[in-house]
Amino acid sequence: MSSAITIKTKPTIRRTSISFNRLTSIEIPSVLSIEERNSDYPWSQGQFTTSIENSKNLCYCLNLNGQTIGYLISMLALDTADILNIGIDPDFKRQGHGRALLKHLIEELRKRHIGEILLEVRIGNKSAIQFYKKQGFKEISVRNNYYMKNSKNQSQGEDGIIMSIKIPSKEIKNVL
Ligand SMILES: CC(C)(COP(=O)(O)OP(=O)(O)OC[C@H]1O[C@@H](n2cnc3c(N)ncnc32)[C@H](O)[C@@H]1OP(=O)(O)O)[C@@H](O)C(=O)NCCC(=O)NCCS
């Protein structure tokens, strides 16, 4: 007769640590790696460096368990802010990190009494457009051939969609 021995082990609990920090030159290599995997027309190291050095910009990175997996570059202009770039590591997309990064920016803008965010996105970047719409951004205009090169056909330009969202002065539950 065989007898089974049951050994009880404690379940391993892996804590997840997420933090939003000011983007510095230390994170730029990780950010460039994400940018290059995400985009046909990636920003250069120089563009990121210039952005973090500009005092009018708010630039953040999102760190997950010590690894930089996202970034957001925004520029302040009086009572509005422009999102110049946002990216999430392809291995971590669709896990709510883009939304969390945007929420972090909105909280920072609210503290500064900034009431609107504007951005421009390639008409062909359907996933980003869907992302922004889901967060409450509305399309406000189109700039014809704003981008010199089209991702699908480099001899043609590509339209840019301008989108905006108003920031309520107080946080409203379930709304960014
Ligand atoms: C756009 C981007 C930042 C979104 O980041 P993300 O962390 O994947 O997005 P989230 O997980 O927070 O998505 C929130 C919601 O947005 C929508 N969304 C996000 N990505 C989407 C996609 N590829 N297609 C359709 N809807 C999408 C969904 O409604 C999603 O919620 P759900 O997953 O519960 O359905 C990311 O896809 C990215 O880095 N893209 C490449 C860089 C880029 O294009 N930047 C924009 C330049 S203007």
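Glu-108 and Lys-111 form a salt bridge in this predicted model. Their closest N and O atoms are 3.0 Å apart. Both residues belong to helix 3, where they sit three residues apart, so about one helical turn separates them. The cut-off for such a pair is 4 Å between a side-chain nitrogen of Lys or Arg and a carboxyl oxygen of Asp or Glu. By this rule the structure has seven salt bridges.

Spanning 97-111, helix 3 is among the elements that give two or more residues to the shell around the ligand. The others are strand 4 (80-88), strand 5 (116-122) and helix 4 (126-134). Helix 4 provides the largest share of that shell, with six residues.

Now take the shell residue by residue. There are 21 residues around the ligand, and those that come nearest are Ile-88, Arg-94, Gly-96, Gly-98 and Asn-125. Sorted by class, the shell holds ten polar, six nonpolar and five charged residues.

At Ile-88, a backbone N or O atom lies 2.8 Å from an oxygen atom of the ligand. Arg-94 likewise places a backbone N or O atom 2.8 Å from a ligand oxygen. At Gly-96, a polar backbone atom is 2.8 Å from an oxygen atom of the ligand.

How much of the ligand does the protein bury? Taken alone, the ligand exposes 920 Å², and the protein buries 78% of that. The space that the ligand takes is the largest pocket.

Technical notes. Residues numbered from 1 in each chain as written. Predicted model: local features only at pLDDT ≥ 70, side-chain atom pairs only at ≥ 80, totals over all residues. Heavy atoms only, no water. Near = heavy atom within 4 Å. Polar contact = N/O pair within 3.5 Å; in protein donor to acceptor, adjacent residues only side chain to side chain. Areas by Shrake-Rupley, 256 points an atom, 1.4 Å probe, with all protein chains shown as cover. 1 Å grid on protein atoms, 1.4 Å probe; cavity = no way out; pocket = protein on both sides within 12 Å on 5 of 7 lines; lining within 4 Å. Sits in = over half its atoms within 2 Å of the grid points. Helix = DSSP H or I, 4+ residues; strand = E, 2+ residues; numbered from the N terminus. Nonpolar A, V, L, I, M, F, W, Y, C, P; charged D, E, K, R; others polar.
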